[in-house]
Amino acid sequence: MQKNLPALALCVAIAACSTELNWREARFDDAPLVALLPCKPDKGARELPLAGRMRQVNMMGCEAGGATFTVAFADVDDASAVPDALAQWKAVSRATQARYFSHQTQVFEAAIFGQPNSNDTPSALTQQAAETFFSGIRVPTAP
């Protein structure tokens with residue numbers, strides 16, 4: 001079995017470099033966040049109820065490999081509202097996979113809708129794409 005590990009690693013690496021997934025860094029203008037997306041994202045914003053009042057939710061996302069990859073954020077203006085905002089966001093999400101986090105008064109959702117390149121069966125590409133997407137999200141630290 002160990003003789004096949006290099007071949008398996010090569011297959012995963014090739015899947016991660018698929019022409020369907022053209023990874024690039026993307027940023028919001030109003031948030032200290034860098035995201036790694038598998039395609040050129042579209043951006044938008046809309047007012048949604050969050051943590052007791054209407055808030056502007058900014059989103060960027062794109063479709064690649066049979067799935068939609070998105071990152072969204074909202075500023076709740078008060079650190080004490082962050083836990084409620086994150087809990088509310090988790091409760092209404094319809095994402096296949098998602099991560100929720102905050103930075104100061106901003107709350108974030110990184111989500112994948114649908115299964116990348118799947119026929120309802122997991123593959124190395126789906127796992128690798130999700131791992132690459134989620135591990136590529138970061139809040140840069142000040143120098």
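**Disulfide and pocket**

1. One disulfide (a pair of cysteine sulfur atoms within 2.5 Å) turns up in a search of the whole structure. The partners are Cys 39 and Cys 62, with 1.9 Å between their sulfur atoms. This is a predicted model, in which local features need pLDDT of at least 70 and side-chain atom pairs count only at pLDDT 80 or more, while totals for chains, interfaces and linings use all residues. Residues are numbered from 1 along each chain as its sequence is written, and side-chain values use heavy atoms, with hydrogens and water left out.

2. The S-S torsion of Cys 39 and Cys 62 is about 95°, so the disulfide is right-handed. Cys 39 sits in the loop between β2 (34-37) and β3 (42-50), and Cys 62 in strand β4 (residues 53-64), so the bond ties together parts 23 residues apart in sequence. Strands are DSSP runs of E, at least two residues, and helices runs of H or I, at least four, numbered from the N terminus.

3. Cys 39 and Cys 62 are both buried (under 20% relative accessible area, 1.4 Å probe, protein chains only).

4. The largest pocket has a volume of about 400 Å³, the space filled by probe spheres set on grid points joined across faces, edges and corners. A pocket is an open set of points on a 1 Å grid over the protein atoms alone, where a 1.4 Å probe fits, with protein on both sides within 12 Å along at least five of seven lines; lining residues have an atom within 4 Å of a point.

5. Sixteen residues line the largest pocket, with Leu 48, Val 57, Met 59, Trp 89 and Val 92 nearest its centre. Two or more lining residues come from each of β3, β4, α2 (82-92) and β7 (106-113); β3 gives the largest share, six residues.

Key
Buried < 20%, exposed > 50% of the residue type's maximum accessible area, 1.4 Å probe, protein only.
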